[in-house]
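Subject: Handover of a structure and notes on its features

Dear colleague,

Please find the sequence and structure below.

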Amino acid sequence: MNARERILAAMAWEEPDQVPWTIYDALSIGGAAEREMRDMGLCMIRRCAAHQTEHCQVEFDQVEYEESGRRLSRHIIRTPVGEVSCVQAAGGWPMEHYIKRSEDYAVMEFVWRDAIHRDNYQAIREAQEALGDEGLVIVRVGKGPLLEILYGMMGLERFSIDLYERPELIDSLYDLMVQRYDEFYDLAAESPAEILQAADNITADVVGLERYRRYCMPLYERHMRHLVGTGKRLVVHMDGLLRSLIGAIGESCFDVLEAFTPAPMGDVTVREARQAWSDKALWLNFPGSVHIQKDEAIADQTRQLIEEAGDKRGFAIGITEDIPPDHWARSMRVIGRTIREVG
């Protein structure tokens with residue numbers, strides 16, 4: 001099997017010739033080290049959107065500036081009903097979010113109503129051709145509406161306050177986004193890619209059981225209806241602490257739990273996950289803290305993950321977080337060699 005066939009087989013609960021081993025291509029250091037890992041079976045994962053968005057009455061602007069020795073950028077959205085902005089450091093999460101006042105909800109709703117979505121299939125085909133048999137292109141639909149509101153528009157503090165004091169504003173924006181997300185999933189379902197990713201970054205200590213059941217679970221079921229008869233699979237990116245969501249995740253309707261991070265960084269083991277979520281494939285994130293340990297510890301961790309999985313079907317080891325550059329080649333070499341030996 002080649003790298004692409006291996007991950008597709010495992011996620012379809014078929015028998016791969018060895019445990020699949022993947023990495024988001026943006027996290028690779030490239031060069032000779034990457035070539036060595038590809039020769040060992042590493043599958044490059046590239047995430048592409050199945051849609052591209054245009055606007056009729058919304059303008060976007062960006063201003064770069066320096067403050068306290070840091071390069072910052074202010075992203076500005078102008079609409080007929082008002083203006084909002086956020087501030088980001090280069091490559092980082094927002095330091096200042098779009099929604100700061102109750103009036104800002106109307107602006108964000110206008111942005112979502114104004115959008116026109118078209119397919120992005122040519123970009124997917126070009127990425128598939130570039131990766132060939134050594135990689136897989138998956139459709140990154142993005143964070144679900146609740147998580148996009150929380151992480152991208154508001155931040156945890158504002159979200160928590162408004163969820164308590166003004167829940168009707170959050171629900172109005174959420175309901176509108178759910179309707180527009182149907183277009184994303186229609187386009188994704190018709191795309192050339194075999195796997196779709198809901199990039200929700202679920203962690204129980206932020207989302208909480210009540211919000212997960214109310215906002216996330218019904219949406220996964222809704223998304224899955226778009227995929228009936230297509231042969232495509234829906235993976236949900238859940239890379240955080242999940243113990244308090246174990247039961248709810250088991251009840252959820254999706255195919256693959258992706259970026260699942262077991263101990264020592266997560267709070268659920270692979271063995272527990274296999275028992276609790278027996279109908280869901282596990283596509284792991286190899287625990288980031290292990291990459292900097294000695295070779296023996298990295299090999300032991302890899303063996304343990306494979307042993308606890310118990311079966312190559314419905315199982316893969318992935319890299320979904322940064323590896324310190326000075327440990328990248330060493331750690332990846334140990335993981336790849338161990339998978340070949342025992343996986």
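Predicted model: local features only at pLDDT ≥ 70, side-chain atom pairs only at ≥ 80, totals over all residues.

Residues are numbered from 1 along each chain as its sequence is written, and side-chain values use heavy atoms, with hydrogens and water left out.

Helix packing

Helices (H or I, at least four residues) and strands (E, at least two) are DSSP runs, numbered from the N terminus. Helix H3 (residues 104–114) packs against helix H7 (residues 167–189) at an angle of about 15°, and their axes are 10 Å apart. The axes are lines fitted to C-alpha atoms, for helices over the stretch in contact, and angles run from 0 to 180 degrees between N-to-C directions. H3 and H7 are therefore roughly parallel to each other; angles under 35 degrees count as roughly parallel, over 145 as roughly antiparallel, 65 to 115 as roughly perpendicular and the rest as oblique. The crossing of H3 over H7 is left-handed, a term used if the near helix is turned anticlockwise from the far one by less than a right angle, with right-handed used if clockwise.

On the H3 side, the contact (heavy atoms within 4.5 Å) is made by Tyr105, Met108, Glu109, Trp112 and Arg113. Residues of H7 in this contact include Leu169, Ile170, Leu173, Leu176 and Phe184. The residues of the contact divide into 10 nonpolar, one polar and three charged. Here Ala, Val, Leu, Ile, Met, Phe, Trp, Tyr, Cys and Pro count as nonpolar, Asp, Glu, Lys and Arg as charged, and the others, Gly among them, as polar.

Salt bridges

Side chains of opposite charge can pair when their charged atoms come close. A salt bridge is taken as a side-chain nitrogen of Lys or Arg within 4 Å of a carboxyl oxygen of Asp or Glu. By this rule the count comes to 31 salt bridges.

One of them joins the side chains of Glu34 and Arg38, at 2.7 Å from N to O. Both residues lie in helix H2 (residues 31–39), four residues apart, about one turn of the helix. Glu34 counts as buried, at 12% relative accessibility; buried means under 20% relative accessible area, exposed over 50%, and partly exposed in between (1.4 Å probe, protein chains only). Glu34 and Arg38 also belong to a network of salt bridges that links them with Arg35, Asp39 and Glu134.

A second pair is Arg74 and Glu96, whose closest N and O atoms are 2.8 Å apart. Arg74 lies in strand S5 (residues 70–79) and Glu96 in strand S7 (residues 94–96), so this pair ties together parts that are 22 residues apart in sequence. Arg74 is partly exposed, at 24%, and Glu96 is partly exposed, at 25%.

A salt bridge of 3.6 Å, N to O, also forms between the side chains of Arg271 and Glu308. This pair links distant parts of the chain, with Arg271 in helix H11 (residues 270–276) and Glu308 in helix H12 (residues 295–309), 37 residues apart. Arg271 is partly exposed, at 39%, whereas Glu308 is buried, at 13%.

Backbone geometry

Most residues other than glycine have a negative phi, and most peptide bonds are trans. The peptide bond from Ala263 to Pro264 is cis, with omega near 15°; Pro264 lies in the loop between strand S12 (256–260) and H11.

Trp13 has a positive phi, near 65°. Trp13 is in the loop between helix H1 (3–11) and strand S1 (21–24) and is partly exposed, at 34% relative accessibility. Ser68 also has a positive phi, near 55°. Ser68 is in the loop between strand S4 (59–67) and S5 and is exposed, at 78%.

Two buried residues

Thr320 is in the loop between strand S14 (315–319) and helix H13 (325–342) and is buried, at 9% relative accessibility. Leaving aside neighbours within four places in sequence, Thr320 contacts Tyr24, Leu27, His237, Glu258, Ala259 and Asn285.

Gly336 lies in helix H13 and is buried, with a relative accessible area of 0%. With neighbours within four places in sequence left aside, Gly336 is in contact with Trp21 and Met40.

With kind regards
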